[in-house]
Amino acid sequence: MNKVFERLYNGLIKENPTFVLALGMCPTLAVTTSAMNGLGMGLTTTAVLVLSNLIISLLRKVIPNRVRIPAFIVIVASFVTMVQLLLQAYLPSLNDALGVYIPLIVVNCIILGRAESYAYHNKPVASFFDGLGMGLGFSVALTIIGALREILGTGAVFGFKITPEGFVPINIFVLAPGAFFVLAFVTAIMNAVKSKGKVRKTDNAAKANTCAADCSECDKVGCEHRFYDAKESTENPNRPKKNIADIKATDTKIKEDK
Amino acid sequence: MADMSSVKSLLILLVGSSLVSNVVLSQFLGLCPFLGVSKKIKTAAGMGAAVIFVITLASAVAGVVYKFVLVPLEITYLQTIVFILVIAALVQFVEMFLKKAMPALYKALGVYLPLITTNCAVLGVALTNVQKNYGIGTGILNGFATAVGFTIAIVILAGIREKMEYNDVPKPFKGMPIVLLTAGLMAIAFCGFSGLL
């Protein structure tokens, strides 16, 4: 039971996928034009993440290490397709609002990241709650960003007008540039809080060095979601040196630190 | 295909996909490499070239697979699974092929190729082509234009970041936030292109 709460807390706060790990930036910026869209995208991703984590964890002894990435992709893509069909049938308005970003959940690095770094090495129940925690953390973050943009851009939140009469909505916040601005300020505030408090230990910094962490650091660590782990490809001198073994070592180190 | 009006509509598609609805700045696809590989103009241009190459090829292959396999078999609902596997296999194959056949090109693009599988723009273009009912030829053109738009955006951002490197940025804004602000300003500038159409 303890493990369950630990996983939920981890996903929601300690390793929040958006604010702390900076994962899955594309949907974070693209669909947060309103709080409702953010919440819808968050919950859709949560459903896929929970189910794929559970199935990957159940199959972790069956999936050979060499072809694990394509196996993960097929599992994730199957769930995404199912969720998409359900949305088309029962929530067509949300489906239209999210558009092409629903099938693109497949390439959301949160999902492959959790599969690779958690579900593939842990028991089903823990993986299930890990997915739930991470998914809810993502949903909360998306809802917050969506609500901020909606308030600034239209003066409403979840469609209810909350600003005083004199407030003139700043239209640009619901357009594309506003997404960048809001995320920039939210990240800057997070940075300021972090450097002031120094509460968060090096845990996240170590995590950020792994493949499954910050997308934007991918180029440095060679976050290559390879189709398969070709032996020869690691010998390529052009490729960044860090390989799966190092990443796994960092991961186990993190687990020991806990 | 040859008459004037279709040439005009293709030109509009080209400008629209590359500049007006720019893939990163207005559709938010492929943000990871956009933010991650944009520290230097040279690497940004390399990434851009690799993206142009892969997206054009991927839209061609995905278009063919969709028209000649998925539609006749009536399994179009499997498009997401099929496309992602086709793209992943394609990138792997292109890498092996370039390594054997064109070592010079491989040396230039090699480092960037594996990173592209994680680029959601590739899958995004393949899916948009299907959603908008583009034919194979139009789809390839759309893919090419989208990738050119990506390259333009990433090279400009890299240029700005090179100039910005020694600027006195407030501490909390160092790193990601200032890059996001820059991208936001670029997005405003790119909004201006909507007057073109």
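Buried area is the accessible area, taken with a 1.4 Å probe, that two parts lose on being put together, summed over both. By this definition, about 4200 Å² is buried between chain A and chain B, and carbon and sulfur atoms give 75% of that area. The model is predicted: local features need pLDDT of at least 70, side-chain atom pairs count only at pLDDT 80 or more, and totals for chains, interfaces and linings use all residues. Residues are numbered from 1 along each chain as its sequence is written, chains are lettered from A in the order in which they are written, and side-chain values use heavy atoms, with hydrogens and water left out.

**Interface of chains A and B**

- Chain A brings 46 residues to the contact and chain B brings 49 residues, where contact means heavy atoms within 4.5 Å.
- Two residue pairs are in polar contact across the interface, both at pLDDT 80 or more; a polar contact is a pair of N or O atoms within 3.5 Å, and within protein one must be able to donate a hydrogen and the other to accept it, while residues adjacent in sequence count only if both atoms are side-chain atoms.
- On the side of chain A that touches chain B, the elements giving two or more residues are α2 (25-30), α4 (68-90), α8 (176-197) and α10 (218-221) of chain A; helices are DSSP runs of H or I with at least four residues, strands are runs of E with at least two, and both are numbered from the N terminus.
- The most is given by α8(A), with twelve residues.

**Nonpolar core**

- The largest nonpolar core has 115 residues, and L104(A), F180(A), L25(B), L31(B), F34(B) and M47(B) touch the most other members. Such a core is a set of buried Ala, Val, Leu, Ile, Met, Phe, Trp, Tyr and Cys residues joined through side-chain atoms within 4.5 Å, and buried means under 20% relative accessible area (1.4 Å probe, protein chains only).
- Leaving aside neighbours within four places in sequence, the contacts of F180(A) include L29(A), L25(B), L31(B) and L180(B).

**Chain A and helix α6(A)**

- Chain A comes to twelve helices and two strands, and 55% of its 258 residues count as buried.
- Helix α6 (residues 109-117) of chain A is largely enclosed by the rest of the structure, because nine of its nine residues are buried.
- At the start of α6(A), a side-chain oxygen of N108(A) reaches to within 3.0 Å of the backbone nitrogen of I110(A).

**A buried site in chain B**

- T146(B) lies in helix α8 (residues 136-164) of chain B and counts as buried, at 6% relative accessibility.
- Leaving aside neighbours within four places in sequence, T146(B) is in contact with S17(B), V23(B) and V125(B).

Definitions and conventions:
Buried means under 20% relative accessible area, exposed over 50%, partly exposed in between (1.4 Å probe, protein chains only).
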